[in-house]
Every structure is written in C-alpha cells, then in structure tokens.
Amino acid sequence: MKKRYLAMLMALVNLGCQDYLQQKPDKALVVPTSLADMNDLLNNSAYMNDVPALGVLGGDEYYMPQSGLDALTNQIERNTYFWAKDLYEGTTFAPDWTTPYRQVFYANVVLEGLEKITPQQTQRAEWDRLKGSALFFRAWAFYHLAQGFAAAYDQATAEKLLGIPLKLQADINTKAPRGTLQQTYERINQDLALATRLLPVKTAVPTQPAKPAAYGLLARVHHSMEAYPVAALYADSALALKDQLLDYGTVDSTLARPMPRSILNANPEVLFQATLVKYGFFSSSLIYPDTVLARSFEANDLRRSLFFQKGTGRFIGTYTGTAALFAGLATDEMLLIRSECAARLGQESKALGDLNKLLVTRYKKGTYKPVTETRPLQLLELILLERRKQLFSRGVRWTDLRRLNKDPRFAKTLYRKPSAELLELSANDSRYVLSIPENEILGGGIEQNVR
Amino acid sequence: MKKTILLSILLSVLTGYVFAQKRMEGTVLSASDEQPLAGAVVSVKDKQSGTVCDENGKFSLTVPDTAATLVISYIGYLTRQVKASRSGPLTIALEPNPSELSEVVVSTGYQQIPAERATGSFAFADNKLLSRRVSPDVLTRISDVVPGVIFNKGRSSALRIRGQSTIFAQADPLIVIDNFPYEGDINSINPNDIESITVLKDAAAASIWGARAGNGVIVITTKKGSFKKPVQLSFNSNVTLGASPDLYYQPLMSGAEYAGIETSLFKTGYFKADETSVNKVALSPVVELLIKNRDGQLSDSELTSQIAALSAHDFRRDLSRYVYRRSVNQQYALSLSSGTEHQKLLVSLGHDRNLNPLVGNAYQRTSLHVNNTLQLLENRLRITAGLYYSNSSQDNNGTDRFMLNNNLIYPYARLADEAGKPLALPRDVRSSVISQASAQGLLPWEYVPLDELELADNRSTLTDYRLNADVSYRVGQALTFQGLYQYGVENNSSRNMQSRQSYFARDFVNRFTQVNADGSLTRNLPYGDILDQGESAALSHSARLQGSYAKSWKQHHRIDAIAGSEIRSRARKANSTRHYGYNDDYASFIPVDYVRQFPNYINGFNSVIPNMDSFSETFDRFVSFYGNAAYSFKNRYTLSASGRLDKSNLFGVATNQKGVPLFSVGSSWEISQEKFYQWKAMPYLRVRATAGYNGNIDKTVSAYTTARSGYTDIESGLPYAQIVNPPNPKLRWEKIRMINVGVDFANINRRLSGSVEYFSKKGIDLIGSAQVPPSVGVSTFRGNNAATKGSGFDLVLNSQNITGVFQWDTHLLVSHAKDQVSHYDIKATSLAYTQGGDNMSSGALPMEGRPLMAVYAYRFEGLDPEKGNPVGFLNGAPSQAYSSILSTTKPEDLVYYGPARPTLFGSVRNQFSYRGFSLSAMLNFRAGYYFRRNSIRYGLNSGLASQHGDYGMRWQKPGDETRTNVPSVPQTGLTARDNFYLFSQALVQKADHIRLKDVQLSYDFTRRQLGKLPLRSLQLYAYGDNLGVIWKAAKTSLDPDYAYAVYVPPRTLSIGLRADF
C-alpha cells in the first residue's frame, strides 16, 4: 500500500516539476540570445570604450614631480613613468592588459551569439550592425594590445617578432598562442575590412562604431604600420563619410571643461568615442603637460586656453567634455594622417591643404596665416608637431614615438629626473614594449617580453 | 482507505469472537520521570506479532489469548513482562537500565531516532545544556558543548562542522528549524524557545538533506509542551553587563609621532598635492599650521607650541568617553504550557533589549511562539499547528569610523572640548572652502561628529513569522502518513533618515549648489532631509508528504523506514529608494532631475544627482524525493540506508542535469550484547560505521553565458548588460564523500562514558574560482575544477568524578579536523598566497597539497644594520630587492607555516554541585594553526594611513636591529618593501591558546525554602563570558583569534532568575 501511495505522489509532483524548475533564480539575469541582448552587451561603454593608457604615462606628454608619483597607489603607474624593468612587483593589477581582453571576450560572446540567430528580414540591418560592431571592438582591442605588449610594426621583421594572443573564441578553456606580429596585424585588418562592409554610416551615439570609425581605425592601424599610401586611402574613406570640424572659435573657454560633450553628438569631429583607462596619474593634481609643448601654442591659437586651464596649466581640452580623457577617433586625426601621408608621398599641396583646413578652425577668427612650407622635410616636421599638439593626451603618442624612432631623422630620447639620477629611454629601447602580467604567463603559458 | 480501516476493524471484531483474541491497549512510560517512551517495542512472547509505541508511548495490539505474555522493551530500560489477562488500558512503567546510557532522541528534521539506534554521527545538545549559557542568540550556545563544531571567531566565515570541504560555494551548515530549512536571520530566533539542537555531522546523518547537507546540518527543535501536564507558567529573565571595549588593545601611533611624520612629510612637499587639489580636500590641523608657518603667518615657536598642544591629545580617550559604553543586554522570557490527554499547548513570549557597546546602536526583539497539538480518533490522528513570530529592530546610529579624506582620522583628533562641547573635525573639504562657502550663503559645512550622533536616525527592522501545520494519521499498527506545510515570511525594512541638519545632507546640497553671476544661489539638489529606505520580503512555502513505517516482529526484528517528497520555494522581492528634499513633518519630498549634469561647487566638474533606486526579485525552488530505512536485529545489529534526489532551478543548467542523487549506508553493532563479550569494566560497547555522499550548491554559477541586464549607461543613457558568468558547459554540482567510524562506550554505572569517531571527507567536483589568465576576458572563473580531502576525529568523554551530595562531573570534547586541497590547477603569484587565506582575507586561495586556509610568508632575514631595511632572500642570498623578491619568489618557495584555522580544538567543562548550588566552568582550546599580526605599513606617507603603533618600535639607529623587527621609515615610499615586510616571517606566530570561556553559578531553592510562595521552583544564576585567554603559545599581547580586531569582545557578566509557577 505504501508503495502505491508513494508512486502516485511522485508522479503528481513530477508532472508539475518541470515548469516549476524553469523559473529564473534572478529576474535581472539573462542568457544573452536575442539581438537586443547582444546590443546590451556592446553598449557597456565602461567596458567596451576604455583604452589602455600606460603609453601616456611612459611617453613625453606629461611631467609629474616625485611627490605626485609618491601619492599614486598602483605601482605600475610609477614604474611605467620611470620605465622600470619590473612593472608589477608581484601584483596583478594590469588594466592595460585586462581591459582590451575583456572587450575581446564580449566581442566573441556577441559574434558567437549572432551565429546562432537567423535574422528575419527586418532584423538584417541590426544583425549586420552588431556583427560589424563586435568585429570593430575586437580589432580595436587587439590594436591597443599590440601597441603596448608587442614591438612596433616593421614589415621586415613582422614575421619573426611575437604578436599578442589572438583570442577568437569566448570559451574560457581555449588558449591562444602569441603568434607573429604579422598575424596580429592581419587579424586586425581582416576584422576591420569586414566591419566596414557591415556597419551603417551613422549610429545613435558615438560610443557605437559606424562606418567612418572602422575606416578611421584602418587608417590609424596602417599609419602605425608605416603603410602610408593605404593609410591615406582609409583616412580619405573616413573623411568622405564625415569630415566636419569643430570651429574652436565657437567654444566657450570659461567652462571648467570647455569642449562640447561628444556623447551628446555635440562635437562634430568625433567618429568614435573612447576614453583612457582612469589611472590615478590622470586625476592627480600634480600632473603637468610637457612645458615645451604647451608653450609651442601661439598666442592667437585658441587651443592655448581651450586645452590648458588658466593658472594650473591642467589639460582640459578632452573631447568628451567630461572628466574622462578622450582617446577615440576624430576627423582632426584623419586630416593629420592624410596630410602626413601626402607629405611623405611627395604630394605637398595635398598635405598643406589638409593641414590648413584643420588649423584654420583652431585659431582666432581672421588671425590664421596658412602654412606655405613646401620643403618636404620641413613640411613633415611641421605636420608632426601639429599632430603632437592637436592629438595631445589622446593615447596616440606612444605609438608615434615607436614609429618615428625607427627613422633617425625623428628619433627621440626621453628623460626623467626623479632625483639626482637622470633616467633615459633611448629610441627603440626594449622598454617600449611592456611586460605581460605575471598571472597571464603563469596561467596562459605564453612567452614574456624581455625588457 | 476508509473502507480498509472499517474492514480491518470489522475483521478484528469478528476474529475476536471466533478465536477468543483480545485487543490490548496501553501506555509505556519511563518509571523515572513518567515521560512516554516513543518507539518502545511491545510484543507477544514466543509469537511473531508485535508493535511499536507511538509518540505518546501508546500502543494497541491483538493477543491470541488471555494467557499470552506481553514483552515490553526499550533501549536503555529494563525489559518487562506483563500478563495479557489484565483488563483495561495498561500503564507500563519501565525502569531505566543502570548499565546503559540515558536515552537521547536525535532529530534529523525528518524523523526522531533514538541515539542508540543511530548509525550516523549526531551531536546533541538538550535544553539544559543550551540554557547554561546566556546569549541573545541560539547558535553560539552550541559552541564548545558539541563535538566537531567550531566558531572561527574573528574570521570571515565563522561556523564550521568538521572543517570545510567546499571552496567557494556556500560553506555554512544548513539550518533546520522544526522540520524545514531556515533561511532567514537566525538571530531572530529566541533561544528560550529552543528545546534541543541536533548537529548532523556525517553522510548517514545528513544525507537525508541531500544536496544541501555537504557542510553538515543543524537541526533546531522548538519547545512543544507535553500531554497530561497541569498548567505551568515559567519565567526566565537575565541582565548582562559588558565591559567597555578596550581601545588600547591594538598598538596605535601616538599623536606626537603622527604630527612628527606630518611635519617631515610637509618639508618634502607631500601635502602639496592635497593643498592644490581641485577637490580642495580637507587637511589636518597640523598641516594647516605648517602651511601658515610656511606662508609667514605663524612664527616657528608658535608653530612648535601649537603642534605640541594639539598632538598631546589621545583620540581614544574621546572614543571611550563619547563613542563607546558598557553594553547592557536584558532578556525576558515567559511561557505557559498545559496538556490534557488529547491536547497540548505551549505559548511563549520573549523580549530582548540590548544596548550595544557603540553609543547609538541598540537591538530589541520580541517573539511569540504558539504550538498546539490535538490527538483524535484514538490517537491515530494528530494535528499540530504552530506559529512563530519575531519582530526585531536594530538602531545603527553609532559609528567609530571617523575619516579624513577617506583615511583614518589623525590620532590626536578631539570630539569635544574640556567642557564637553562638541567640536568640529575636518573631513572632506578644507576649512578655507568652508568659510568661503558660508560667506557666499551656502549651508554650514562643518562636521561635528557628536552632533551627527544625535541627528542619526537609522533603523532596520525585521519581522519574521512562520506558520506550521503538521497532520499525521496512523493506518494500522505500522504505517503513518504525514503531511507538513510551512508558510514563512521575512520582512526586512530599513529607514535611514539623514536630517537636513546632518553633515551628509548639508555636504550633498552644497556640492550641488551653483553660485550665479549676481551672487544668488541655485540649489540643484533641494535642501531637505535625505531619506533612504529599503524593503525586502521573502515568502517561502514548504510542503512535505511522508510515509513512515515502523514494525517489529519475532521480538528480534525491527524496521523503521520513511519515504517522501518535498517541495520548497522561496521568492524574495526587494527594493530600495532614496528621496531628496524630504520633509519628515509633512512626509513630502521634492523630485529631482537625475538626467541633467550639474557643476560641482568645489571643482566645477559636471555630475548627475545619484539615483539610489533599485529593485530585485529572486527565486529559489527545490523539488526533492527521499527515503531512509533502518533495520535492527536483536537491538544489537542495525543497518541503515538513505537516499535523496534533489532538483532545483539552478540557472542555465538543462533540466536533466538539475538533479543530483545522493545516498548513504550505515551499520552499527552493540558488541557488549554478544555472549562472547566478557569485558566487565565496560558493560556497554558499540561500534558503528557509515559512508555516503552529500551535496552542495553554488547558485552563482551557470553553464551558460549569463548576463545581468537592466543597467543604464550614465553617459549615453542606453541600456546595457554585464556578463556575470562566462560559458561553461561542463558545470556539475559539488559532492562530498564522507566515511565515519565510531565507538560508543560506558563503564559500570556510567561513571565514565563517551564516544570516539573518526571521519574522512573528500570533496569532489568542487567549484573553484580559477584565476584564469586574464586574456580569457574575465577576472575570475568558477567551475568544477577543485577537490579537497579531509579527516579528523571527535572524542567525547563524560566522567562522574564524585557522586553523592557533592557531585563533580567533567565533560571533555576534543575534535580534530584538517583539510587539504588535493586538486587545484591554478597557480597564483606568491604575493597573492601570502595575502589570501588568513584572517585578513575574505576568500581562500587554494594551493595543491596545502590546507584550504593556510599561512605563508616570505623568508625574513632580520633588519639590515646600516639602514634598518628588512632583508629578504633571493636566489640563495639575502636581498633587499623587494620587488624582485615579490615577483620572482615561487609559491612553493614561500615559508609554509600551517593552517590558518584551528585543526585541534575542544573544551573541558567541570561541573560541581552541592545541594542547591551548581558551579560550572568551561575552558576551551584551539591549536594547530597560525596567525599573522598587523604592523606598520609605511606606504607613501611614512605610515600616516596605517597609524600602527609598531612605528614607535621601528629601527632608528644602527644597533636597533637587535631589539626590533620593525623596519625604518623608508626614504621614498616603496609598496614592495611594505608588502615584503608585512607578509614576511617577521609577523607570523603560532595561534594555539587556551581560554577561560565562561563560568556559570546557580542556586536552586528547595521546596522548603520556597515555603508558601506560589512557586514550584526557583533558580538564581550568574554567568560570566569572554573571561580571557589563560595561555597562548605566542609571546604577544594580542588575542590570536582577534589579531586584527580593534578590540576583543569585552567580558560580560549576567545575572538572572528562572521560576516555575
């Protein structure tokens, strides 16, 4: 009798049991499956639109006195600033490594998720945009990793030098080897080429990539590879879709942060919004822009007051218009790339045209005297100086240093003088490549960089 | 079913006529206390028929003829024979068997098992033992009185049963109150309502709880009243006074030392960053004086004398006077019980009122417990209904954390002047900004901590109630069906009214104030109170249907079995809100714009008004099937088996993988009943052994990629989602295999009795948080990638040293539990191992082959005699290259000390009684582990942030290295030097110690002394707790279990009385 009752009981409970156990344990949790879910993942701008920034700390844009450095809590910041051989001192805090790889992970989750969705006719455009965005973000992350953790690109050695691990799957169990530098750049360019076909011309907010952003990034990548003719073509493609400039004469210089907020689409120059990782270095009150560079702005140059705070000299010209430092893509950079490429390719008038087109919007109305220099080297030097000035604190200088150091005409030795001892970083020093965090080496079994 | 019953009644009546059969009914009681003996066996001599007494000791049985003899037996009692010729209901009293242990009935939450027949490992604490201790909560009352259970005091995860065999999943034991798991706040339970607590320690004991039993189970049974008892009123009340906390427990830098550091840092320009910061942060009074001096507004001599005057003060004096106090806990409990033949009732009321050591913090709890049981249809039908209601509230108005720019405030701070007038302290904003703001018409910006204490109005309340129904119906002699249902509600609400006069509100409003060109003010955040409220409600339903079967035959055979199914759900809804511009008089508020960005008064940067509103809804669902059977032969051999299948809504795992079947088997053998057993000195000896699997759940992981959605990007305003769990298709539930072997023994007259148990545990498929290579894209990842093993023993020894008018009993508990990580793939950096796993860290960092929580350190070679730098070890030689030591020392080259948790622990309780007096003192001991103490971290500011008192003992001149291990102040701040020293051998010590835990003294008045008072009994008692460490292995002023605490739990003294009317 007992058995019969029990059997009945169990059958009864089992019937309702399946639905009963389907309840999600937390209403806020989702297994991302829909296009909207994928969109939500890519919209996580705090994760997706952050850019490694150690290059800014190690570069020649800022100066910080010892007392300011002493107050920084993360040793990698101090160690990067002084080009120490050991950056981490046993710690694992390394946002320059983890931030882009988190972007890669999100991009891979989305790419794999999209493969499982067969879009209906009405969803096709959104599916394309999401796939293009994910490819863009992955390329964006790989590019930044290569700037920090791999050597500068050189066609002659790219097949022999180490690249960065190219994680192409979300599964956490798959391991990626470092591969060659050539493979790294090929993957970046391949992803971006596909992205340019999938992305729409315009997106709702600048944190979402659009076609001009993909062309812009291709231009930047090829420019860093010294592939100037191609870089010029991509800059051209980006500018063909979007070439507005912000007239600095219309910007209110009395504001604490004068630049119009790019997230509100108020800055017409912005192709893609991203910001530098928020290291303590940037929020210190003892951070000073390089004095020589700051002084190189002429009296009628509006950037003097729009970029640098009166009195303190603090950099306030970030294109975000907020506390975060802009490190995305904008038309000013495209014009400078196209101008530099033209100068290098012997097309002086083209180079001058782009340079003057940009600079006229940076000076007080009616006071700008167009550049007329046609001697190739002098013109190139002028363009490179304007590149330093206009793209100040945008996260591109470290890559420029690595690229230009290969050319003896532009090679530069950097100096720091924390105490009696003078530290220097000569051109092409092995310390232009950051060391990989120790927990990656322990867990991932990849080769460390020699610094 | 009705038909079946009718039929059987009819049959028995008929057969009675035909064969002269006789129906016998009766009750079996214990002769000593007249309590019914549930489970006593009544059988017919030389026949196969027999029955088992129900919960009330009742039996009914058909005998073949009146000449038959009934044999009534029960473990622990002498067997009796009764002639069936007697008429009318029988009352049979059994005499206790002096050669056997007293009867203990343990509860698994599913059934009651006499300890004598249990094969598993149970630990039991009865009401008497539980009331020995005075405490506002239930759980601490079992500490040191049951074997194998330890409260790791001063550590992040406290209560452990036989060590820990999970790494990241829930490691706390399952708590069961009156048959169902309890997931609310255990502190809401009034300890005076508890009848007994059973701790289920091994697989056989706990496997009935299946997937949640891996950490052991604590089964709490509330008081129920008894049948056939006249009305009784009981009263218990006590008051507990606690000493004021000793704030001088941890060494702290003196005010003069601190001011000295400030002065020398000032010279190096350290405070320049703060002085020029865009956030215009607050500076300490000494730094303000130094600035004045630098700017020529203060002479050097004035500076020296003013600093000397300021820094002579010790902040701890103010803390003791204004912030801390003696704690006072009051407890009152009143209960009424009555029982007739068919009904028993218990009503109890409790009220607790505690004033915490922190001024402004208080706790109060009121509880009501009603339990009513009816027995109908000749006691075949039993209906129990219960209500447990508890309402408690906690005031959180006090604080002992006073900050200056998010650092600990300087040690010469003052809360009030000599006359007791509250003083302002610098906190976030510099005094110059405060005066500028007040000149511009902003709200006063001063921070006066003692005024804040007055204004604080922060209370959280918890209302918890459970309604229980339990219906059981006995069919025939052996089979009983039981249905149980429980409805539970936990309502939490918190209300933090931050008055408009509070610093919090004024500071907030000021930061969002804009000064317009014409000097007028725009308040973008309305001036008013800021009201934070939170509410959560958890509703739970639990239902169980169970069949139980108990039958014995041929005198020697007995079977007890249960089987059933259970369904449980718990839904929790929570929300929290903040209202700005609140007005408590009108209960009104002013809406604000959460979208627009407003400039900050101090730095001009734009920000939005923080929106603190949130909602959440979670669900836990379980469906379980279980069964358990025990067979005994001749009361000598017992075999038991138990199995359970659990299913839950574990997120993302396909339904077919949701379930986990778990089982156990056990057996016991009472050797002393065998004929060959000749050991006269030990008349009772029993061995038992069990093996089986329990489970454990980690609901935070999932096999699929899961993301948390519902966020809004503060910049773009777009919704976004965050991945909380990377994909892991191989996820399984954790399993814990356990083997337990035990021996129970007692000598003649039970002068000496006890048990020894050995156990071994194996954690399989444990969920480990892997420190995956960061290129994976997640910082941590959890999967079934770990295994642990553990073993140990529990020894219980009870001895009656002296009996008679003067009585002396000793109770000894010794437990050993060690664990080891047997499999863990991931290696971390050496620094991570030294920092994880001890009392500082919240989580474990497992290393294969080592205990789950272990203490590691860098090799320390003393201080360098030239500069006082700490010396480490690198590449086979002493070294001061700290960053290389930290980054290149391999984890296996660290000095391994041992476990960070006690592996050997126990207690000795001596109880003396003479006439009405009783004195009981408990010593407890903890051994086999290590601790790391704190010391000065110089950081980037010569130790200002740390303020540790070791600063005074630092190396200052050559030669000091012989008397101290505290390094000198470094020339430039080096995090690596600090990290090396703080995690070196210099600070690790053995933690073994013995503590005088508590002493209890009581006096019971005799009937004669009570005279004409309307009292049945009266007891007065006194109880002292936390009496102190009496021995420790390490030479240290610290208490090894509270190495990082600001102060050790103060001593308390309670006095109270118990009376029955």
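B:F124 stands opposite B:T198 in β15(B). The model is predicted.

- β10(B) and β15(B), the latter spanning residues 194–200, pair in the antiparallel sense. Five bridges join β10(B) to β15(B).
- The open sheet of chain B has five strands, ordered β10-β15-β16-β13-β14. Its pairing is mixed.
- The edges belong to β10 (122–126) and β14 (180–181) of chain B. Each has a single partner strand, so one side of each lacks a neighbour in the sheet.

**Nonpolar cores**

- Nonpolar side chains in soluble globular proteins tend to be buried together.
- The largest nonpolar core counts 117 residues. A:V110, A:F136 and A:A139 have the most contacts inside it.
- Helix α8 of chain A, residues 124–149, gives the most to this core. Its share is 13 residues.
- What does A:V110 touch, leaving out residues up to four places away in sequence? The partners of A:V110 are A:M38, A:L41, A:L42, A:L130 and A:A134.
- A second core is separate and has 101 residues. B:I218, B:L831, B:Y856 and B:Y897 are among them.

**Annotated stretches of chain A**

- An unreviewed UniProt entry lists "domain: SusD-like N-terminal" for residues 19–221 of chain A.
- Residues 19–221 of chain A are 53% helix and 3% strand. The end C-alpha atoms of this stretch lie 52 Å apart.
- UniProt, again in an unreviewed entry, gives "domain: RagB/SusD" for residues 333–405 of chain A.
- Residues 333–405 of chain A are 64% helix and 0% strand. Here the end C-alpha atoms are 20 Å apart.

**Overall form of chain B**

- Chain B holds 16 helices and 52 strands.
- Along the principal axes, the C-alpha atoms of chain B fill a box of roughly 120 × 70 × 70 Å.
- How does the radius of gyration of chain B, 34 Å, fit a compact globule? A compact globule with 1061 residues would have a value near 31 Å, so the two agree.
- Of the 1061 residues in chain B, 42% count as buried.
- Take the contacts in chain B with a separation of 6 or more: 69% of them join residues 24 or more positions apart.

Technical notes: Residues numbered from 1 in each chain as written. Chains lettered and ligands numbered in written order. Predicted model: local features only at pLDDT ≥ 70, side-chain atom pairs only at ≥ 80, totals over all residues. UniProt positions renumbered as here; feature names shortened; annotations may be inferred. Helix = DSSP H or I, 4+ residues; strand = E, 2+ residues; numbered from the N terminus. Pairing = 2+ DSSP bridges. Core = buried A, V, L, I, M, F, W, Y, C linked by C-beta atoms within 7 Å. Buried ≥ 20, exposed ≤ 12 C-beta atoms within 10 Å, placed from the backbone. Contact = placed C-beta atoms within 7 Å. Rg over C-alpha atoms; globule rule 2.2 N^0.38 Å.
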